[in-house]
Number of protein chains: 2
Amino acid sequence: MTKPRNAFYAQSGGVTAVINASACGVIETARLYQDKIGRIYAGRNGILGALTEDLIDVGQETAGDIAALRHTPGGAFGSCRYKLKGLEQSRAEYERLIEVFKAHDIGYFFYNGGGDSADTCLKVSQLSASMAYPIQAIHVPKTIDNDLPITDCCPGFASAAKYIAASTREASLDVASMSKASTQIFVLEVMGRHAGWIAAAGGLASDEHCELPIVILFPEITFDQGKFLARVDAMVKQYGFCSVVVSEGVKNAEGQFLADQGVKDAFGHAKLGGAAPVVAGMIGDALGYRYHWAVADYLQRAARHLASATDVEQAYALGRAAVELAVAGHNAVMPTIVRRSEQPYRWEVGVAALERVANVEKKMPPEFITTDGYGITAECRAYLLPLIAGEDYPPYSNGLPQYVRLKNVAVPKRLKQEFNIG
Amino acid sequence: MTKPRNAFYAQSGGVTAVINASACGVIETARLYQDKIGRIYAGRNGILGALTEDLIDVGQETAGDIAALRHTPGGAFGSCRYKLKGLEQSRAEYERLIEVFKAHDIGYFFYNGGGDSADTCLKVSQLSASMAYPIQAIHVPKTIDNDLPITDCCPGFASAAKYIAASTREASLDVASMSKASTQIFVLEVMGRHAGWIAAAGGLASDEHCELPIVILFPEITFDQGKFLARVDAMVKQYGFCSVVVSEGVKNAEGQFLADQGVKDAFGHAKLGGAAPVVAGMIGDALGYRYHWAVADYLQRAARHLASATDVEQAYALGRAAVELAVAGHNAVMPTIVRRSEQPYRWEVGVAALERVANVEKKMPPEFITTDGYGITAECRAYLLPLIAGEDYPPYSNGLPQYVRLKNVAVPKRLKQEFNIG
């Protein structure tokens, strides 16, 4: 029997309401395989923790605190935005990683992130061959943007979608009440710079039990001001009010972001505003309707209080599967969600080669967007609804959700050399 | 025994997550007093419905739908922003009200709103004396701004406060994870143009279990840019990140709203941005930290999915009390929340004369704000915590909260004359 080797886990990119549920899945499962996995370390602030030998000793956290990660938003060990370049360009970084891994006998690398992180994970997986350091690298998918290929969905997306769908419904009921003598238009800006998955979720706010006029602006559709204003005007004339869900990534025919349309502050600085105030102002100027606007920003990806139970379960399952793949000897793979049936919704965990995942971006398929470009189709609805199903409330105390803060005790450094991040 | 007379109920001003819970309390209770109260009518879009004789026949709604109002945000009958002037200036409007009331034998007037509405309600209550039309007018308090006098708190406020406290906690955990290599600052803009009650709730996000650096900008405190930036900088140097909760009503020493500081769009229009992007940009320019910002707008007052159970209970109780006051013969009063004890929290319903309520605005007491002007005191915390206690989740179906839409059938008009709103 071979000696157990240690595991390294890190969080990467924008965090979500459920990335810690994946961490929980990884850690709780790794603790079950003591014959193969020794100590569990986490990178403080993602891969930066590995490069700077700033490792967190997960063994110092109680089982209760690790279990509480399942209902805690944000990234419990810290995240980062840092993409390793190719082996030739970033040789010093890869050599440093191997130094750190060797010093702490790390044989398993679990990286929890989106497309860029899958690329980093793939490169680490190749260290076995390219630099003769035996390591297994497994990617755990995560992104509210839902833009990874192969997997049916990405943990983090469904909870953001549930939040945006519920919030759009709630705010639409509000503006409906105000429409006669105060405000006719409500504009909500959502995340998703390249893909309109989150914006699409706004369309779920309206259904046969709760019909609401909602106009969606997808980043996949070039913004046409005249057509858009006509659509909003028609909605207000029919319903008395209208809600607009606008993706931060919407661009006009010149390829310019809506949010950048010449907005300047007193000092002449550009880019102050978001897309929502631009769209709202446009409606006010052209149609004379009174408006309110909101920008959800971090609220939408941190809203663990309204997480999708399906999302939490899948995030945990993929963390668990990553460890099971590792102990079964896999390398350079990512566990995925496979949709087995839609009604009733059934899913299982699959596996994808990282080569097929890294640097591929999944946009909304054209058949998910209505032909006018402003709504979601029945097919899109059928895809989204099972993902937002179920509530998984965190515990509350004193009226507030109780989230865990880990001790995050540093592992003593073994290397003499500091490493400067490039 | 006198013949039962009909009741009129209307919603006024900005709606809340629980104004319909008060409607539910009024309607369910009125239905119990059939010996005194005949039909129940609602004004479509508040007092406008009375002026235009656009009454809704509440009798056509099922008991189940009325019960569902308790968990439905927005204003189920429509609201309005419309303040009646004094009897001399607006004689035509008062005469019209009496015409409509007479035509439909309305003897009870229940008005659900904030400070302006209390004033309108007071004027209607005086019609008995001033224009010899017998009517009892009872005001049901409602405002997320929590700025009505006498009552310990206003229904609607506590749910907005709970939402802002929870959202600030969640987004702060998010920015904490991102702070090392991406974003150090999160700015959240909240409502409350004159009073900082909602902004204060952001301070609850940090407590002994979850310590977070939060800087609050209250409308009660004149904005001092240098002092504010120094404070934020100190927080980032200590914690690595900082959250700012800014009230939309914050002004600088010249009395200018932060949100209005020279922000212009491509056409030169002012007032496009909110306070959040201005504050965030200021931090970025002066301190070089990277930032995200959110504007909660309607989301904070419509978020029934995260309502305070205490708030829902009080909203319902005040609706019920309004009817009980009416059938007991009262006029020109408002039921209030009286705080009997803080630990354990005990409250009961009291009553206030409308003369003492109308046009009085309750700001944050100075002893609720820390001496540096950027935080809440223990006294403020003790006031706020019982209000946000308890969760009262709406029912869900298909992953979304299920809110009722009433039939809102119009009562046939009896008057020949239309009335033009001035």
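A word on terms before the first strands: two strands pair if DSSP finds at least two bridges between them. Helices (H or I, at least four residues) and strands (E, at least two) are themselves DSSP runs, numbered from the N terminus.

What you see is a predicted model, in which local features need pLDDT of at least 70 and side-chain atom pairs count only at pLDDT 80 or more, while totals for chains, interfaces and linings use all residues. Residues are numbered from 1 along each chain as its sequence is written, and chains are lettered from A and ligands numbered from 1 in the order in which they are written.

On confidence, pLDDT is the predictor's own figure for each residue, from 0 to 100. Chain A has a mean pLDDT of 94, with 96% of its residues at 70 or more. For the complex, the predictor gives an ipTM of 0.97 and a pTM of 0.97.

In chain A, strand β10 (residues 333-341) pairs with strand β11 (residues 346-353) in the antiparallel sense, over 8 bridges. β10(A) and β11(A) make a hairpin, with 4 residues between them. Chain B has a cis peptide bond joining B:Q343 and B:P344, with omega about 0°; B:P344 lies in the loop between β10 (333-341) and β11 (346-353) of chain B.

One more backbone detail: A:D105 has a phi near 50°, a positive value in a residue other than glycine. A:D105 belongs to the loop between α4 (91-103) and β4 (106-113) of chain A.

Next, the whole chain. Chain A has 13 helices and 13 strands. Its C-alpha trace spans about 75 × 50 × 45 Å along the principal axes. A compact globule of 422 residues would have a radius of gyration near 22 Å, and the 23 Å of chain A agrees with that. That radius is taken over C-alpha atoms, and the globule rule is 2.2 Å times the number of residues to the power 0.38.

Chain A is assigned domain 1 (5-142 + 305-358 + 394-401) and domain 2 (157-302); the bounds come from an automatic or database domain assignment. The centres of domain 1 and domain 2 of chain A, over C-alpha atoms, are 35 Å apart. Between them, 12 residues of domain 1 of chain A contact 7 residues of domain 2 of chain A, where contact means that the C-beta atoms, placed from the backbone, lie within 7 Å.

How many residues bring the two chains together? On each side 70: 70 residues of chain B are in contact with 70 residues of chain A. The elements of chain B that give two or more residues to that side are α7 (157-178), α10 (275-287), β9 (291-295), α11 (298-302) and β13 (400-401). α7(B) gives the most, with 13 residues.

Last, the symmetry. Chain B can be laid on chain A with an RMSD of 0.0 Å by a turn of 180° and a shift of 0.0 Å along the axis, so the two copies are related as by a two-fold rotation axis. The superposition is by least squares on the C-alpha atoms of residues with pLDDT of at least 70 in both copies. Of the residues of chain B, B:V295 comes closest to the axis, with its C-alpha at 2.5 Å. Since 100% of the interface residues of chain B are also interface residues in chain A, the copies meet through the same surface.

Conventions:
Contact = placed C-beta atoms within 7 Å.
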